[in-house]
Amino acid sequence: MTGMVNFDIVHERRGTGSSKWSKYPGDVLPMWVADMDFPAAPEIVDAIRNRLEHPLLGYGVARDELRTQIVSDMQEKFNWSISADEIVFLPGVEPGFNMALKAMLQPGDGVLVQTPVYRPILNAPGHWGLKRIEAPLTATVTGHVMDANLLGDKLAQSRAFLFCNPQNPTGKVFTREELTDIAALCRANDTLIISDEIHGDLLFDGRPHIPIASLSDDAAERTITLMAASKTYNIAGLKTAFAIIKNKEMRETFAQSRLGMVDSVNILGLEATLAAFSSAGKWKAAMLSYIADNRDYLSAQIADRFPSIRLVKAEGTFLAWLDCADLGLSPDPQRHFLEHGKVGFSAGAEFGEAYGNFVRFNFGCPRQLLDDALDRMENALR
Ligand SMILES: Cc1ncc(COP(=O)(O)O)c(C=O)c1O
């Protein structure tokens, strides 16, 4: 038991309209979408309940307290000075990076992504007639590495870099040195940076998150940073996120690209975000410690029970990226584990063409579910 939430408790989520628990038949354990099986912090639930005491639920706008909270969080957590008017509230990070591509680029422009990567990032350039350019990350025993020379070559063909840090699905957290290299390459190529930092509070082993825009004035001027409380505090269903855009002209162009499709933000999501950032620190610390233990446990179990699966320990996020190539499963490991073990992972091919032999395993869950998933994997291989 930690604080007021016991992360070991398994809550029945079937029948609650959970996307995670509705995708597969009832006998399948869902370990796919980036949604954790933990209840929200009591402070967040209380804030929503308090808001509902005032039964007027019209269109919302972020209160000054929320803007002020974000400004001071950026300073405290990341030593990054921003001002309140540089924040643009959004109903999601995914709408945010699509808005950014639509607003800032012309059809035919190149957009760099580092593969493997979260499918909506992979697919976003295609929505706007843009050319996706890929710079794969390479897995090593100790982590995923980027090839700066390759990145430079690919950036020369790109107008924008749709960056994901911490990285989904690999769990890579970019170091200051790597970020400095990226920022320098983007400067040299005059590249726009759209930086999805939705997992930026989910880091392990004392690693700091560094918003790329915080590195220099030049990086700040060319970057649209996208953040949310949604992943860290497990409130993604409240559909609330924000962009931080220092460059005024870019901010105005971005805001105009709502095009009547990206609406104002859910009023309960705004209250939940404020409560998360202002009052749920203890819950966050306990959750991080729990999922760090899950990550270590999962790595040990995989090494012990599935020695031919390759797994690089995540540096952040609650996602594990399992290379199952040596198992030789047909037609692919996701289908095999689903059909023979009744466990539903995300399929590697969603994250890039070359990754059909991978699955993404969501370890943001009570330990009992993690054990259940491992047992189901074992059954699938019998
Ligand atoms: C890297 C990344 N970006 C964006 C999202 C989706 O964000 P939102 O629900 O705010 O659109 C996710 C969700 O898994 C994600 O992992």
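Predicted model: local features only at pLDDT ≥ 70, side-chain atom pairs only at ≥ 80, totals over all residues.
**View 1. Four strands form an open, antiparallel sheet.** Welcome to the sheet, whose strands follow the order β11-β12-β15-β14. At its edges sit β11 (310-311) and β14 (346-347), each of which pairs on one side only. Follow β14 to its neighbour and you reach β15 (residues 358-362), which runs antiparallel to β14 and is joined to it by two bridges. To find your way between these two strands, look for serine 346, whose bridge partner in β15 is arginine 360. Strands of a sheet pair through backbone hydrogen bonds, in either a parallel or an antiparallel fashion.

**View 2. Helix α4 is largely enclosed by the rest of the structure.** This helix covers residues 93-104, twelve in number. From first C-alpha to last, α4 reaches 16 Å, close to the 16 Å expected at 1.5 Å a residue. Ten of its twelve residues are buried, so the rest of the structure largely encloses α4. Among the buried residues you can pick out Val93, Pro95, Phe97, Met99 and Leu101, along with Asn98 and Lys102.

**View 3. Helices α3 and α10 pack in a left-handed crossing.** Here α3 (residues 64-78) meets α10 (residues 267-279) at an angle of about 35°, and the two axes are 10 Å apart. On the α3 side, the contact is made by Glu65, Leu66, Gln69, Ile70 and Asp73. Facing them in the contact, α10 supplies Leu270, Thr273, Leu274, Phe277 and Ser278. Sorted by class, the contact of these helices comprises five nonpolar, three polar and two charged residues. In an α-helix there are 3.6 residues a turn, so residues three or four places apart point the same way.

Technical notes
Residues numbered from 1 in each chain as written. Pairing = 2+ DSSP bridges. Expected span 1.5 Å × (residues − 1). Buried ≥ 20, exposed ≤ 12 C-beta atoms within 10 Å, placed from the backbone. Axes fitted to C-alpha atoms, helices over the stretch in contact; angles between N-to-C directions. Left-handed = near helix turned anticlockwise from the far one by under 90°. Contact = placed C-beta atoms within 7 Å. Nonpolar A, V, L, I, M, F, W, Y, C, P; charged D, E, K, R; others polar.
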